[in-house]
Amino acid sequence: MLFNCYKLQGGGEVLTMLLLCSVLTQTSGAAAMVLDMTYVFDNQTIYWPTAKSFNYVVTYKGPSGDIPWYEAGEYSAADHGGTHIDAPSHFAASQSAAQGQWSVDQIPISHLVAPAIKIDISTKAKNNADYELSVNDITDWEKVNGQIPKSTILFIYTGWGKFWQNRTAYLGTPTKNTSLLHFPGISPAASQWIVSNRQIYGMGIDTASMDHGPSVAYQTHLNFFSKNIYGLENVAKLDQLPITGATIHALPLLIGGGSGAPCRIIAEWGTNTSTADSTSASVRATFVMMLIVFIFVL
């Protein structure tokens, strides 16, 4: 179309310039996608079996003096439940080691807004409720998708989100007995491989814990937290997150000294502010300027 326009006589060159310059303002046309990866907090929200569950009480609901309608309430809960963040201070190999591991309010905000990577182990977990992400799962993923970039948030998709409405299926037991827990997680070997070979900011998973249900030593937590890599647990809608290309905004309740906190997790992708779009716009601009020079030279 551009070259046909150039052949116009008289004011054709001016029209061509206008058409060419319009390319500079064109966007990729991709619609921005925004995904809320947070479960609602209410009296049905799943918490660790031994922890205090979320409790919300309406303290007032109705007309109040000159105010036509007024609502207020109070809530209480443990800091590890529902969609939440595990700060690195949550587990430590020793008291002295814990001094260097961040609490919720110490995690840099730059570590909470970062590119997302997703590894899918849902097929394997479907056949084994206690399945653990292996080193081979990671290296196999990298053979197809390339090396996990540094400064990213790595998510493990187990498919367990489909059980969220069924506490027994999600945790593996309706009781408070943690020895009966069954759900997938990340193996200690895989977590050690990640901290030794890759430089990520955080780990996310769609189960109640980064360590699988039967774990008693929580070595995966210890491995990540020793490097100030935080955890995101009970993450919703991981099936909808793309393998790469999304940016995560993980914003926890800023509890001073907290080892964990409720966390709102938002993913977005397909925006025109991405690196790919910026590069594309730069290429278009360069191409247009070269054509303009070409037109006037001739």
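**Exercise 1. Aromatic pairs**

Task: State how many aromatic pairs the structure holds, and decide how the rings of Tyr-39 and Trp-164 are arranged.

Solution. This is a predicted model. The structure holds 9 aromatic pairs.

Step 1. A pair of aromatic rings is described by the distance of the centres and the angle of the planes. For Tyr-39 and Trp-164 the centres are 3.8 Å apart and the planes are at 5°.

Step 2. Planes under 30 degrees apart count as stacked. The angle here is 5°, so the pair of Tyr-39 and Trp-164 is stacked.

Step 3. Now place the two residues. Tyr-39 is in the loop between β1 (33-36) and β2 (55-64), and Trp-164 is in the loop between β7 (153-157) and α6 (167-171), so their pair ties together parts that are 125 residues apart in sequence.

Step 4. Ring pairs also bring in Tyr-170, which forms a cluster with Tyr-39 and Trp-164.

**Exercise 2. Buried or exposed?**

Task: Describe the pair of Phe-54 and Tyr-75, then classify Tyr-39, Trp-164, Phe-54 and Tyr-75 as buried or exposed.

Solution. 

Step 1. Phe-54 and Tyr-75 form a stacked pair, with 5.8 Å from centre to centre and 15° between the planes.

Step 2. Phe-54 lies in the loop between β1 and β2, while Tyr-75 belongs to strand β3 (residues 67-76), so this pair ties together parts that are 21 residues apart in sequence.

Step 3. The cut-offs are under 20% relative accessible area for buried and over 50% for exposed. Tyr-39 has 14% relative accessibility and therefore counts as buried. Trp-164 has 9%, so Trp-164 is buried.

Step 4. Phe-54 has a relative accessible area of 12% and is therefore buried. Tyr-75 has 56%, so Tyr-75 is exposed.

**Exercise 3. Strands around β10**

Solution. 

Step 1. Look at the faces of β10. Tyr-230 and Leu-232 are on one side, Gly-231 and Glu-233 are on the other, and all are buried.

Step 2. Turn to β9 (residues 202-205). Gly-202 and Gly-204 point one way, Met-203 and Ile-205 point the other way, and all are buried. β9 also pairs with β7 in the parallel sense, over 4 bridges, and Phe-155 has Gly-204 as its bridge partner in β9.

Step 3. β9, helix α8 (residues 219-225) and β10 make up a right-handed β-α-β unit.

**Exercise 4. The surroundings of Pro-88**

Task: Where is Pro-88 found, and which residues does Pro-88 touch, not counting those up to four places away in sequence?

Solution. 

Step 1. Pro-88 is in the loop between β4 (84-86) and α3 (95-98).

Step 2. The relative accessible area of Pro-88 is 0%, so Pro-88 is buried.

Step 3. Leaving out residues up to four places away in sequence, Pro-88 touches Gln-101, Trp-102, Ile-107, Phe-225, Asn-228, Ile-229 and Tyr-230.

Step 4. Compare sequence and space. Pro-88 and Lys-227 are 139 residues apart along the chain, and their C-alpha atoms are separated by 8.0 Å.

Terms used: Residues are numbered from 1 along each chain as its sequence is written. This is a predicted model: local features need pLDDT of at least 70, side-chain atom pairs count only at pLDDT 80 or more; totals for chains, interfaces and linings use all residues. Side-chain values use heavy atoms; hydrogens and water are left out. Rings of Phe, Tyr and Trp (its six-membered ring) pair if their centres lie within 6.5 Å; planes under 30 degrees apart count as stacked, over 60 as edge-to-face and the rest as tilted. Helices (H or I, at least four residues) and strands (E, at least two) are DSSP runs, numbered from the N terminus. Buried means under 20% relative accessible area, exposed over 50%, partly exposed in between (1.4 Å probe, protein chains only). Two strands pair if DSSP finds at least two bridges between them. A crossover is right-handed if, with the strands pointing away from the viewer, the path from the first strand over the helix to the second runs clockwise. Contact means heavy atoms within 4.5 Å.
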